[in-house]
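Please read it beside the sequence and the model shown here.

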Amino acid sequence: MKKADLVIIGGGPAGLAAALGAYDAGIKDIILLERDGKLGGILNQCIHNGFGLHRFGEELTGPEYAWKYQQEIFKRNISFLLDTMVLNLSPDRIVTAVNSSDGVFQIQAKAVILAMGCRERSRGALNIPGMRPAGIYSAGTAQKLVNGKGYLPGKKVVILGSGDIGLIMARRMTLEGAQVKAVCEIMPYSGGLNRNIVQCLEDFQIPLKLSHTITQIHGKDRVCGVTVAKVNRSGKPIQGTGEFIECDTVLFSVGLIPENELAKEAGIRLDPVTGGAEVFENRETSFKGIFACGNVLHVHDLVDYVSEEAELAGRSAAKFILEKWKRDGETVTLKRGEGIRYLVPQKLHRESHEALKLYFRVTDVKRNVEIVLRDGKSLLYSKRHPKVAPGEMEYVILTPEIVSRLTNNCVLEMREKEQ
Ligand SMILES: Cc1cc2nc3c(=O)[nH]c(=O)nc-3n(C[C@H](O)[C@H](O)[C@H](O)COP(=O)(O)OP(=O)(O)OC[C@H]3O[C@@H](n4cnc5c(N)ncnc54)[C@H](O)[C@@H]3O)c2cc1C
């Protein structure tokens, strides 16, 4: 069996930044395993700009952003294996992988970082009636076909789901000459970033049908249209509101799911809301020496935050390997209260003596709210937010002094401020 200080699973932006974080913190014996034929992950197919504004202060395309990180990997001579799929991870950090030159092989690692990203939820998960005609794609597959292979999947398009990938594909298909008839969203608000609603739909006069869903896909060999209906508050179609829209292509952009099969099989504790591992502030999972970061942990809206989190996971793995990290002492589990859908990290070591950046998403679009951290009735932190939306990841930064006062009774919640 091979040995390595650190094995990183996944060579997307999270895996790349984690490798740099660990290397710069003193770990040189790193192997990064990537199942694709190149590094960069999903960014390779995201040729639009808007990446890296926070990180580099400039607007990069996905491949440009990924390339910046790859160059740093090459400079440091960090080892990576491409076309290499990780099949299994054991709780004692044995990684089993396969590729065409080595066959199946194992690596015993001192620490492992999970950075496998996420995948798209499929049509099958939605149970939409209809045959199985050609012309139905996930938005990510269409993105790969258009941006990576130069194929246009269709000419008249309806998109279900207004998360960022759906919005970005509405613009991309339009720019490539297709007519996007509508973007339908079951919720009363878009799941995407505000800037994408403006730049991808409004600028191109593409209708966004909020509180609408596709109730039927028509066509036998090829899609010829969809029925779109209004939904009530519980997301159920309202009778008599159905409208036929002629189209030859339907794109689904109905959510991303962290690629956590390896973590699940290993027995790592997962958060039922994020679908990712439950982690401490250093991104260590419930298993000693196994860390997680990026979209495999929770779906991020901006890749900049993925890189930041992954560098932290890399530095933490380095501390663990160099035995600078004591995992003793009291741990605290934070609770999510009213209006908070999830928070990451879920747990922390109270005496970590460091400021804590706590990421969260809210359950609803609200204006003029206060995000509050309280321990019973006593208020530890509060901050006003002019607007929050489920599509935008939010965070609060807790000072070391607040961190030292956290207990298992602490709850993060959203309060609506009186006007
Ligand atoms: C279809 C799609 C389109 C997106 N478009 C945008 C966008 O336009 N803008 C934006 O900001 N964000 C976009 N995102 C979000 C984007 O994924 C993140 O910003 C960022 O790429 C996440 O980085 P990551 O490294 O966590 O995941 P990824 O970029 O997904 O990288 C994960 C890597 O892990 C590899 N991997 C997975 N499992 C294994 C295994 N078992 N063995 C070996 N390797 C493995 C994968 O091949 C992949 O290269 C998109 C996501 C998807 C799914």
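## Helix packing

A crossing is called left-handed if the near helix is turned anticlockwise from the far one by less than a right angle, and right-handed if clockwise; in this sense α4 passes α5 in a left-handed crossing. Helices here are DSSP runs (H or I, at least four residues) and strands likewise (E, at least two), numbered from the N terminus. The model is predicted, so local features need pLDDT of at least 70 and side-chain atom pairs count only at pLDDT 80 or more, while totals for chains, interfaces and linings use all residues. Residues are numbered from 1 along each chain as its sequence is written, and side-chain values use heavy atoms, with hydrogens and water left out.

The axes of α4 (residues 139-149) and α5 (residues 164-175) lie 10 Å apart, at an angle of about 35 degrees (axes are lines fitted to C-alpha atoms over the stretch in contact, and angles run from 0 to 180 degrees between N-to-C directions). With contact meaning heavy atoms within 4.5 Å, A139, G140, A142, Q143, V146 and N147 of α4 meet I165, I168, M169, R172 and M173 of α5.

## Salt bridges

A salt bridge requires a side-chain nitrogen of Lys or Arg within 4 Å of a carboxyl oxygen of Asp or Glu, and by this rule the count is 20. One of them joins E58 and K68, at 3.4 Å from N to O. Because E58 lies in the loop between α2 (53-56) and β4 (60-61) and K68 in helix α3 (residues 62-75), this pair ties together parts 10 residues apart in sequence.
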